[in-house]
Amino acid sequence: MKRALGYLLLGFLISVLMLTVMNVNEFGEHSIGVGEHYLDEGLEESGATNLVTNIVLDYRGYDTLGEVTVLFTATTGVAALFWREKHGRKEKE
Amino acid sequence: MEEKKKNEEKEREEVSEPSIIVKSVACIVFPLAFTYGVYIFVHGHLTPGGGFQGGTIIASSVILIYLGFGRLNIPESFMTALESIAALCFIGLGCIGILKGGNFLWNAVGLGEAGNLLSAGILGPIYVVIGIKVGTELTSIFNNMRRKSYEY
């Protein structure tokens, strides 16, 4: 019974993987269309000649805001770790 | 007990006194590196680079000063204030899009001619703000760790 279930699961997995492989794009074709849009329209839509800036700040501005927040959190964490020693809370002697 | 600690601290400071080579090289390299960092983030929308890279270069130039002289004559509260103001400026620049009737962080200001320094709407100012923020933040991380090592 267990063995039959295992074979069934195996067959299901193999069929799913085969279906995925059959639907993969041809070699050299872009799998995501948005990259071509960035390359073709980025300069007109955002106006910056550095395409990375177009993507990082214009198309994905929220991501950059989050990145800055992550850095701020890291700074706060380091400050919280090292700040305590100076301002009280010393060991009782 | 405390005297012993003080003596140890003195010894450590004497040992860690940087050589004249480090000091003079820091004097020469600091302005160049600082200016280069500013250039990187001001031209973030024209040439490779940007706020994060420029800010890191600025922070490394300030760390060079710390290595050579052990202190900076800028108060820490000023650095913290600069960092917070930069963060608020980022959000304020994002709100321009809302005021113009679009989304947050929408590039609403006129794009201008591609390739000019004053082009690409709010992207250039945002990168300047990010550069200031990253520079001060990394400097304060280093400063916190350095102070810790001095205390022990």
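Modeller: Let us begin with burial, for which a residue counts as buried if 20 or more other C-beta atoms lie within 10 Å of its own, and as exposed if 12 or fewer do. Please keep in mind throughout that this is a predicted model.

Colleague: With that cut-off in hand, which residues of H2(B) are buried?

Modeller: In H2(B) the buried residues are Gly37(B), Ile40(B) and Phe41(B). For chain B as a whole, 28% of the 152 residues count as buried, while for chain A the share is 15% of 93 residues.

Colleague: And how does one reason about the other end of that scale, for instance for Leu10(A), and is this residue buried or exposed?

Modeller: Leu10(A) belongs to helix H1 of chain A, which covers residues 2–22, and it counts as exposed because it has 10 C-beta neighbours inside 10 Å. Met18(A), which also has its place in helix H1 of chain A, is exposed because 10 other C-beta atoms lie within 10 Å of its own.

Colleague: What secondary structure elements do the two chains have?

Modeller: Chain A has four helices and zero strands, so that its elements, taken from the N terminus on, run α-α-α-α. Chain B has five helices and zero strands, and the pattern along its sequence is α-α-α-α-α. Among the contacts in chain B with a separation of 6 or more, 63% are accounted for by residues 24 or more positions apart.

Colleague: Returning to H2(B), what can be said about its span and where does it bend?

Modeller: Helix H2 of chain B, residues 20–42, has 23 residues and reaches 33 Å from its first C-alpha to its last, close to the 33 Å expected at 1.5 Å a residue.

Colleague: Which residues meet where H2(A) and H3(A) come together?

Modeller: From H2(A) there are Tyr38(A), Gly42(A) and Ser46(A), and they meet Leu51(A), Asn54(A), Ile55(A), Asp58(A) and Tyr59(A) in H3(A). The residues of this contact divide into four nonpolar, three polar and one charged.

Colleague: Finally, how many residues of each chain are in contact with the other?

Modeller: At this interface, 22 residues of chain A are in contact with 32 residues of chain B. On the side of chain A that touches chain B, helix H2 (34–46), helix H3 (51–59) and helix H4 (61–83) each supply at least two residues, and H4(A) gives the largest share, 11 residues. By residue class, that side of chain A divides into 12 nonpolar, seven polar and three charged residues.

Technical notes:
Residues numbered from 1 in each chain as written. Chains lettered and ligands numbered in written order. Predicted model: local features only at pLDDT ≥ 70, side-chain atom pairs only at ≥ 80, totals over all residues. Contact = placed C-beta atoms within 7 Å. Nonpolar A, V, L, I, M, F, W, Y, C, P; charged D, E, K, R; others polar. Expected span 1.5 Å × (residues − 1).
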